[in-house]
Amino acid sequence: EKLSKNPNTGLAAVISTLGLRQKWNNCSIVSYSIAPRLNAAGRMSNAMIAVDLLLTKDPQEAQELAIKLDNDNKNRQSEEKIIFDEAVEMINEIDLADKKVLVLAKRNWHHGIIGVVASRICERYNKTCILISIEDEWCKSSGRSVEGLNLFDALGNCADILEKFGGHELAAGLSVKTENIEKFREKINSYIPKKLDETASVPTVLIDASIKASYITNE
């Protein structure tokens with residue numbers, strides 16, 4: 001409510017780049033338009049751009065920073081689509097029934113975006129997904145998991161071939177040597193079937209309440 005009526009200087013500039021009226025009240029705008037722009041700086045360039053935008057009192061500086069964030073967000077969307085499409089191509093070449101965890105790797109995938117794409121892959125195929133950006137000797141990776149599969153525990157079982165890892169049950173980041181990617185893929189998949197309940201591979205829908213059809217109106 002405050003954001004729609006009296007945003008600070010920086011957020012007002014971001015809202016202006018969206019072409020919105022001065023007053024609005026829509027949570028979707030926050031989730032899908034404002035927040036991604038603030039996050040895009042850290043993913044694509046420098047998170048301090050977003051910090052400076054939120055702290056500035058100068059409308060001109062705010063407008064310049066908001067435009068930078070808008071450009072970063074467009075670049076993020078473009079990179080995300082490229083990585084997603086390439087990942088799907090790889091998935092189409094493998095036997096999904098044989099894989100509990102999708103471990104996909106390619107050189108120079110943007111490490112600031114692979115987590116977002118891993119989340120989309122996980123949601124689309126209902127399988128735990130780890131995307132690996134191959135750089136040189138070491139690779140940066142990000143993973144997302146399905147309910148019922150503790151990704152952090154699974155990585156712990158592979159700790160001997162990882163440089164480092166961290167996260168929680170449903171999301172994690174890790175570093176692995178390029179030469180160990182295939183070994184990591186095999187090891188995490190050999191561990192998972194012992195721990196994964198059969199129902200975890202079936203998509204679920206969370207239901208808030210059971211209601212009669214007669215209760216549903218256009219409003």
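I began with Gly173, which I found in strand E5; helices (H or I, at least four residues) and strands (E, at least two) are DSSP runs, numbered from the N terminus. I noted that the model is predicted, that local features need pLDDT of at least 70 and side-chain atom pairs pLDDT 80 or more, while totals for chains, interfaces and linings use all residues. Residues are numbered from 1 along each chain as its sequence is written, and side-chain values use heavy atoms, with hydrogens and water left out.

Is Gly173 buried, exposed or partly exposed? Gly173 has 29% relative accessibility and so counts as partly exposed (buried is under 20% relative accessible area, exposed over 50%, partly exposed in between, with a 1.4 Å probe and protein chains only). Leaving aside neighbours within four places in sequence, I listed Ser141, Ser142, Lys164, Phe165 and Gly166 as contacts of Gly173, where contact means heavy atoms within 4.5 Å. I also noted that Gly173 and Phe152 lie 21 residues apart in sequence and 9.2 Å apart in space, C-alpha to C-alpha.

Next I looked up the largest nonpolar core, where a core is a set of buried Ala, Val, Leu, Ile, Met, Phe, Trp, Tyr and Cys residues joined through side-chain atoms within 4.5 Å. This core has 24 residues, of which Ile130, Ile132, Leu155, Phe184 and Ile188 touch the most other members. At least two residues each come from strand E1 (101–107), strand E2 (128–134), helix H7 (151–156), strand E5 (171–177) and helix H8 (181–195), and H8 gives the most, with five. In soluble globular proteins, nonpolar side chains tend to be buried together.

Then I turned to helix H5 (residues 59–92) and helix H6 (residues 114–125), which pack at an angle of about 45 degrees with their axes 10 Å apart; axes are lines fitted to C-alpha atoms, for helices over the stretch in contact, and angles run from 0 to 180 degrees between N-to-C directions. H5 and H6 are therefore oblique to each other, since angles under 35 degrees count as roughly parallel, over 145 as roughly antiparallel, 65 to 115 as roughly perpendicular and the rest as oblique. Among the residues making the contact are Phe84 and Ile91 of H5 and Val117 and Tyr125 of H6.

Last, I checked helix H2 (residues 9–17) and helix H3 (residues 27–44), whose axes come within 10 Å and cross at roughly 115 degrees. Here Leu11, Val14, Ile15 and Thr17 in H2 meet Ile34, Arg37 and Leu38 in H3.
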